[in-house]
Structure formats: C-alpha cells, structure tokens
Amino acid sequence: MKQHRDQTDFRAVRESFEHRALAACSARSARTAFIAQNSLAFAVRDEFPVTPLHTLVIPRRHEPSYFELGQAEINACTALMLEAREGIRQQDPTALAFMWGANDGVTAGQTVPHCHIHLIPRRQGDVSGPEGSSPRHPGDG
C-alpha cells in the first residue's frame, strides 16, 4: 500500500483549465447555438456562410492546426461532420453534395487561429464551375 497519498482534488483545476481553453470559443458559442456536440468538439453554423447551412466543426481544445489534433479529436470531428451533414440533408433536401475542409496556416488563408472544419452544402446550380478553385496540375488539359 502506498503511503503518504495526496488527497488533493484536481477536478476544479481541470474545469478551470477547460474553461480557459474554450475561452476563445465561448464568446462565439454564446452568440451561436450548437448544432451538435460531443466531449471533444462542437458544430455551429458559420457566421459568414458560403451557402445556406454552412457549418463549422470545431475541436474544443484550442489548437490552430488540424494536423496537431489527436486521433480522438479527429474522430470526434468526423462524427460531428456526419451528424451535421445528415441534419442539413433533413432540413434542406436540395443540399445534394458537400464540400469540406480547413484552411491550415496563414499561408493557406487561415484567419482564425483555432482549428475549424468547414462543411459547406452544395446545391444544383449554386455556382458555375463547381469543380473547385484548385490550381491545375501539370499536364491537366
């Protein structure tokens, strides 16, 4: 049996840390209702939507880069993207397809230094040339 056990209850410290870690998102979530959530991430509608019902999936832990998320956080975000996609399809049957992705780093156009994944519903004819705006690869015709 281990002697001199420390009986300190760190739950309040953990809750305080989680509160501070979510501070950047708390102001946003106060203005925007969660679409869905789990223990590691939440989904909200984008305040500047590209198309109607444009949704953001945001990990709760403050991390600027998607590539620095842990596997459990990636799984949690993926589960919310699937849940949000189903909700969008039920709310708007004209949402026939989806674009999703994240701007990771300033050079990639990231303006908010907290990882967030865009889930953008697409509808027939909503834009011309829906193939995307990625540059052509060498040799593409």
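Accessible areas come from the Shrake-Rupley method with a 1.4 Å probe, and for residues only the protein chains shown count as cover. By this method the chain has an accessible surface of about 9,900 Å², of which 57% belongs to carbon and sulfur atoms. The structure is a predicted model, in which local features need pLDDT of at least 70 and side-chain atom pairs count only at pLDDT 80 or more, while totals for chains, interfaces and linings use all residues. Residues are numbered from 1 along each chain as its sequence is written, and side-chain values use heavy atoms, with hydrogens and water left out.

**Overall composition**

- The chain contains three helices and five strands; helices (H or I, at least four residues) and strands (E, at least two) are DSSP runs, numbered from the N terminus.
- Along the sequence these elements follow the pattern α-α-β-β-β-α-β-β.
- Of the 141 residues in the chain, 31% are buried, where buried means under 20% relative accessible area, exposed over 50%, and partly exposed in between (1.4 Å probe, protein chains only).
- Among contacts (heavy atoms within 4.5 Å) with a separation of 6 or more, 53% are between residues 24 or more positions apart.

**The sheet**

- An open sheet is formed by five strands in the order β1-β2-β3-β5-β4, with antiparallel pairing; two strands pair if DSSP finds at least two bridges between them.
- Because β1 (34–37) and β4 (95–101) stand at the edges with a single partner strand each, one side of each is left without a neighbour in the sheet.
- On average, neighbouring strands of this sheet are turned by 20° against each other, direction ignored; the axes are lines fitted to C-alpha atoms, and angles run from 0 to 180 degrees between N-to-C directions.

**Strand β3 and its partners**

- Strand β2 (residues 41–45) is joined to β3 by five bridges, and the two run antiparallel; here Val44 stands opposite Leu56.
- Three bridges connect β3 (residues 55–59) with the antiparallel strand β5 (residues 117–123).
- In β5, His118 stands opposite Leu56, and Ile117 is the bridge partner of Val57.
- Five of the five residues of β3 are buried, so this strand is largely enclosed by the rest of the structure.
- In a regular strand the side chains alternate between the two faces of the sheet.
- Both faces of β3 are covered, with Thr55, Val57 and Pro59 buried on one side and Leu56 and Ile58 buried on the other.

- His114 is located in the loop between β4 and β5.
- With 5% relative accessibility, His114 counts as buried.
- A polar atom of the His114 side chain lies 2.8 Å from the backbone oxygen of Pro59.

Terms used. A polar contact is a pair of N or O atoms within 3.5 Å; within protein, one must be able to donate a hydrogen and the other to accept it, and residues adjacent in sequence count only if both atoms are side-chain atoms.
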